[in-house]
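Subject: Structure for your files

Hello,

Please find the structure below. My notes on what was found in it follow.

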Amino acid sequence: KIFKSKILSFFSSFIWVFSSFHLMNLFSSPMRDYLKANLFILCFILIYFILESKKPLFKIVFFSSLIFSSSLLFKTDLRMLTPIFILAIFLNENKLLKEKIRSTIFFLSTSLYFIFLSSSVYPGRTFHRLGATLSNDMFPEKDFLNSFGPISDSIMIYQSCVSYNCNMLFSYFNYFVLHIDEMLIKYLYSIKKVFLLPFSHGILPKINTAISEIFFLKFNLLRVFVIFDKIYIALSFVLIFLSLYKNKDLKVIFSIILFLYLCFFYSLQFQGRHYFFLEVFSIIFFMFFLNSGAIMFKQIKNKLNNE
């Protein structure tokens, strides 16, 4: 849908299917975290349908809201996508403002009810979990001294009761504001980590010799992008900027916004089992990098031949 190319679609699907980071999360917790990944990807598909649908907007939103709302009963994390759905509704090419407002009201009235149902099971659990996120190490591969935040999952409860009369909302945001510099560093680190996911992992235990060889081959072919990660990231941003400057593709712009939005949330709880499915966006940007690079190379070649 984004690139309108079967070759790029096949290549990107190949990278996703043979992603060891993706499959290791499938093996470790198929019914917990991997279920969440499937529901998130389903919601991404619905969001893009809403964004570019030329059919009656309300019908698409009606069915999308029912699927999204029912998904919330299985994974409450999905509620972070609510503002993204609303943004997609208003960015749709439909010029009828009344239709967009009607669709938004229906979507919110449906989804907020299910959000209430799914969040009321554990009162106060939302901010408890937000507080717990600050206990995760910023750099998991390094020693404990490089971590940010408190050291215990329940520390936010104790801190809020001692300092703020058990007001976890105020306690959390007070911590966030006072440590905004650390949170920004963690956010930028998270973006880089997720951006390089397709190239950072590629080896599985030898379950099957042929399959292991494919993973090993893919890893060796792509790890050059990790070795020269700064060059790849810089070139990617330049190519994306140049491409959008010439042709303002709404789907690509929306993908960037969605990627940055999700990276912000998962930077608060940056554990592999929470964010591994964001590799989908990393692969999309990689395909965009290859496609834009090929187009630019052809343009330069044609200019040289004409001269």
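**Helix packing**

α10 and α15 cross in a right-handed sense (a crossing is right-handed if the near helix is turned clockwise from the far one by less than a right angle, left-handed if anticlockwise). On the α10 side the contact is made by K186, Y187, S190, I191, V194 and F195, and on the α15 side by F259, L260, C263, F264 and S267; contact means heavy atoms within 4.5 Å. The axes of α10 and α15 (residues 250-267) are 9 Å apart, at an angle of about 115 degrees. Axes here are lines fitted to C-alpha atoms, for helices over the stretch in contact, with angles from 0 to 180 degrees between N-to-C directions. Helices are DSSP runs of H or I with at least four residues, strands are runs of E with at least two, and both are numbered from the N terminus.

This is a predicted model, in which local features need pLDDT of at least 70 and side-chain atom pairs count only at pLDDT 80 or more, while totals for chains, interfaces and linings use all residues. Residues are numbered from 1 along each chain as its sequence is written, and side-chain values use heavy atoms, with hydrogens and water left out.

Y187 is part of helix α10 and is buried, at a relative accessible area of 17%. The classes are buried under 20% relative accessible area, exposed over 50% and partly exposed in between, with a 1.4 Å probe and protein chains only. Apart from neighbours within four places in sequence, Y187 contacts L260, C263, F264 and S267. Y187 and F270 are 83 residues apart in sequence, with their C-alpha atoms 9.4 Å apart.

**Aromatic rings**

The whole structure has 30 aromatic pairs. A pair is two rings of Phe, Tyr or Trp (its six-membered ring) with centres within 6.5 Å; planes under 30 degrees apart are stacked, over 60 edge-to-face, and the rest tilted. One of the pairs is F195 with F285, which is stacked at 5.9 Å centre to centre and 25 degrees between the planes. F195 belongs to helix α10 (residues 180-195) and F285 to helix α17 (residues 279-306), so this pair ties together parts that are 90 residues apart in sequence. F195 and F285 are both buried.

F264 and F265 form an edge-to-face pair, because their planes are at 75 degrees, with ring centres 5.7 Å apart. F264 is partly exposed at 32% relative accessibility, and F265 is partly exposed at 30%.

The charged end of R102 sits over the ring of F58, 4.2 Å from the ring centre. The criterion is NZ of Lys or CZ of Arg within 6 Å of the ring centre and within 35 degrees of the ring normal.

**E279**

E279 is in helix α17 and is buried, at 1% relative accessibility. Leaving out residues up to four places away in sequence, E279 touches W16, S19, F21, H22, L197 and P198.

**Overall figures and confidence**

The protein has 17 helices and 0 strands. Of its 307 residues, 43% are buried. Among contacts with a separation of 6 or more, 75% join residues 24 or more positions apart.

The mean pLDDT (the predictor's confidence in each residue, from 0 to 100) is 75, and 78% of the residues score at least 70. Confidence is highest in helix α5 (residues 82-91), with a mean of 90, and lowest in helix α7 (residues 125-133), with a mean of 52. The pLDDT is below 50 over residues 135-152, a stretch with 31 contacts in the model beyond near neighbours in sequence.

Regards
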